Amino acid sequence: MDLDDLKTLVIGAGIGGLAVARALALRGADVTVLEQAGEIAEVGAGLQISPNGFAVLKALGLGEGLRATSVQGRAVALHDYQHGEVLRLDLGLLEDQNYYFVHRADLIDLLADGARDAGVKIRLLQKVDQVVPGEKPKVILSNGTEIMADLVVGADGLHSRLRPVLNGDNPPFFTGQVAWRMIVPNDAGRGPEAHVHMGPHRHLVSYPLRGGRDLNIVAVQERADWAEESWSQRDDPETLRAAFADFGPEVQGMLAKVDEVHLWGLFRHMVAPVWQGGGTALLGDAAHPTLPFMAQGAVMALEDAWVLGDALSRSLSQQGTIAKGLASYQHRRAARVQRVINVANGNARKYHLSFGPLRWAAHSALRLGGSVAPKRMMTRFNWLYGYDVTRDS
Ligand SMILES: Cc1cc2nc3c(=O)[nH]c(=O)nc-3n(C[C@H](O)[C@H](O)[C@H](O)COP(=O)(O)OP(=O)(O)OC[C@H]3O[C@@H](n4cnc5c(N)ncnc54)[C@H](O)[C@@H]3O)c2cc1C
């Protein structure tokens with residue numbers, strides 16, 4: 001137990017915060033999670049957990065728990081918005097086939113139970129107002145209470161209180177894209193596959209959840225005006241249906257069932273140049289929010305959680321310092337995270353090719369790649385999905 005008695009405060013009981021809380025507690029740290037909300041609840045939405053994220057859950061002893069609550073993905077099918085399927089990627093060709101579709105609330109429950117089982121204290125209604133790095137870093141709650149610790153982890157998401165303390169203000173910019181997300185009943189009995197329907201200036205991703213009973217849908221449209229960067233904005237389902245009215249019958253069938261939908265403005269943030277300092281560290285979206293086009297935001301938070309625990313543990317077991325461990329954490333994570341974010345930014349453009357011939361050429365290239373050398377297509381993702389951060393320890 002290399003982190004014995006390391007008094008740690010984690011801000012935020014999201015996926016990153018709960019995962020790092022368990023990772024540190026399993027190594028002996030004394031961990032308290034401070035969450036602003038009155039309950040650990042999640043919006044109704046799905047997540048794809050790729051093999052590199054599953055590797056972390058497994059190493060944290062939560063692999064079987066994830067399997068029990070999710071659908072194992074077997075394929076990803078790409079469709080032209082009017083002309084049907086252009087390419088099918090068989091997830092069975094991945095070296096590691098642990099690719100899962102899970103409801104966010106189910107993953108949060110699994111992580112919260114896992115954290116508590118490891119001795120983590122989760123305190124609700126604790127809104128952090130300020131973080132003060134230092135020899136003994138401290139957090140100040142919105143009710144004025146001050147709490148000192150040896151380590152403070154800011155896993156407080158897009159609107160992190162710690163990020164500007166370490167980096168100053170770097171306001172994000174609107175990407176010109178909005179996303180609707182919703183869950184509908186899987187009445188058509190769609191199998192364990194993700195489908196991406198791509199059209200000019202729009203695309204729609206869908207996959208099954210919860211034993212195949214539900215379908216998770218994320219629909220993205222390019223737009224000049226912007227929506228709030230939050231899940232709380234509701235929208236009229238008719239607006240969504242009108243935006244995808246020229247898509248084929250499969251999409252119309254899914255959207256006909258929508259009776260509640262939320263709208264999300266997609267913003268581009270810089271990866272924080274500074275992730276750590278004065279006994280504090282950023283993790284997950286607080287350090288590196290990503291656009292959803294690689295489905296890797298939560299997975300990167302899981303990888304961060306493992307590496308932070310490992311880096312601290314290595315440093316402290318070799319008579320090193322917390323500061324050295326934190327520096328090693330950023331060093332081990334920054335380049336990989338930046339690469340994922342760059343690919344996600346590029347995908348936004350590829351999905352939305354609006355000039356017909358360009359779209360045709362791109363789809364033909366995809367089709368050719370998929371039929372001639374499907375295995376080679378899949379090995380393109382090895383750097384991402386085939387990398388097990390827990391073996392890098
Ligand atoms: C449309 C869409 C689809 C996506 N799909 C995928 C996917 O398929 N796979 C994937 O890996 N990722 C996906 N993502 C990304 C993923 O949702 C995020 O990257 C992930 O939730 C980040 O987790 P986090 O723990 O860093 O932050 P969050 O989940 O935002 O958690 C932050 C927590 O901190 C709390 N908090 C904030 N401020 C304070 C404060 N001051 N005091 C106390 N508590 C505070 C919040 O209440 C919250 O509980 C998607 C994102 C979008 C928008």
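This is a tutorial dialogue on reading a predicted model, feature by feature.

Trainee: What should I know about the model before reading it?

Mentor: It is a predicted model, in which local features need pLDDT of at least 70 and side-chain atom pairs count only at pLDDT 80 or more, while totals for chains, interfaces and linings use all residues. Residues are numbered from 1 along each chain as its sequence is written, and side-chain values use heavy atoms, with hydrogens and water left out.

Trainee: How many helices and strands are there in the chain?

Mentor: Helices (H or I, at least four residues) and strands (E, at least two) are DSSP runs, numbered from the N terminus. Here the chain has twelve helices and 20 strands.

Trainee: What percentage of the residues of the chain count as buried?

Mentor: Buried means under 20% relative accessible area, exposed means over 50%, and partly exposed lies in between, using a 1.4 Å probe and protein chains only. By that rule, 55% of the 393 residues count as buried. A case to look at is L263 in strand β18 (residues 261–268), which is buried at a relative accessible area of 3%.

Trainee: How far apart are L263 and W180 in sequence and in space?

Mentor: They are 83 residues apart in sequence, yet their C-alpha atoms are 4.5 Å apart. For the chain as a whole we count contacts, meaning heavy atoms within 4.5 Å. Of the contacts with a separation of 6 or more, 75% join residues 24 or more positions apart.

Trainee: Which residues touch the most other members of the largest nonpolar core?

Mentor: A nonpolar core is a set of buried Ala, Val, Leu, Ile, Met, Phe, Trp, Tyr and Cys residues joined through side-chain atoms within 4.5 Å. The largest one has 92 residues, and L24, I49, L66, L107 and V139 touch the most other members. Helix α8 (residues 297–317) gives the most to this core, with ten residues.

Trainee: At what angle do the axes of α1 and α4 cross?

Mentor: Axes are lines fitted to C-alpha atoms, for helices over the stretch in contact, and angles run from 0 to 180 degrees between N-to-C directions. Helix α1 (residues 15–26) and helix α4 (residues 104–117) have axes that come within 8 Å and cross at roughly 25°. Angles under 35 degrees count as roughly parallel, over 145 as roughly antiparallel, 65 to 115 as roughly perpendicular and the rest as oblique. α1 and α4 are therefore roughly parallel to each other.

Trainee: Which residues make the contact of α1 with α4?

Mentor: From α1 come I15, L18, A19, A21 and R22, and from α4 come R104, L107, I108, L111, A112, G114, A115 and D117. To sort them, Ala, Val, Leu, Ile, Met, Phe, Trp, Tyr, Cys and Pro count as nonpolar, Asp, Glu, Lys and Arg as charged, and the others, Gly among them, as polar. The contact then divides into nine nonpolar, one polar and three charged residues. While you are in α4, look at D106, which lies in that helix. D106 is buried, with a relative accessible area of 15%, and touches T69 and R210, not counting residues up to four places away in sequence.

Trainee: How do α2 and α8 pack?

Mentor: Helix α2 (residues 51–59) and α8 pack at an angle of about 40°, with their axes 8 Å apart. These two helices are therefore oblique to each other. N52, G53, V56, L57 and A59 of α2 meet V299, M300, L302, E303 and W306 of α8, a set of seven nonpolar, two polar and one charged.

Trainee: How many residues of α2 are buried?

Mentor: Seven of its nine residues are buried, so α2 is largely enclosed by the rest of the structure. The buried ones are P51, N52, G53, F54, A55, V56 and L57. Just after α2, G61 takes a positive phi of about 80°.

Trainee: Where is L125, and what is its phi?

Mentor: L125 is not a glycine, yet has a positive phi of about 55°. L125 sits in the loop between β8 (121–123) and β9 (128–132) and is exposed, with a relative accessible area of 63%. A295, also not a glycine, has a positive phi of about 50°. You will find A295 in the loop between β20 (280–282) and α8, where it counts as partly exposed at 23% relative accessibility.
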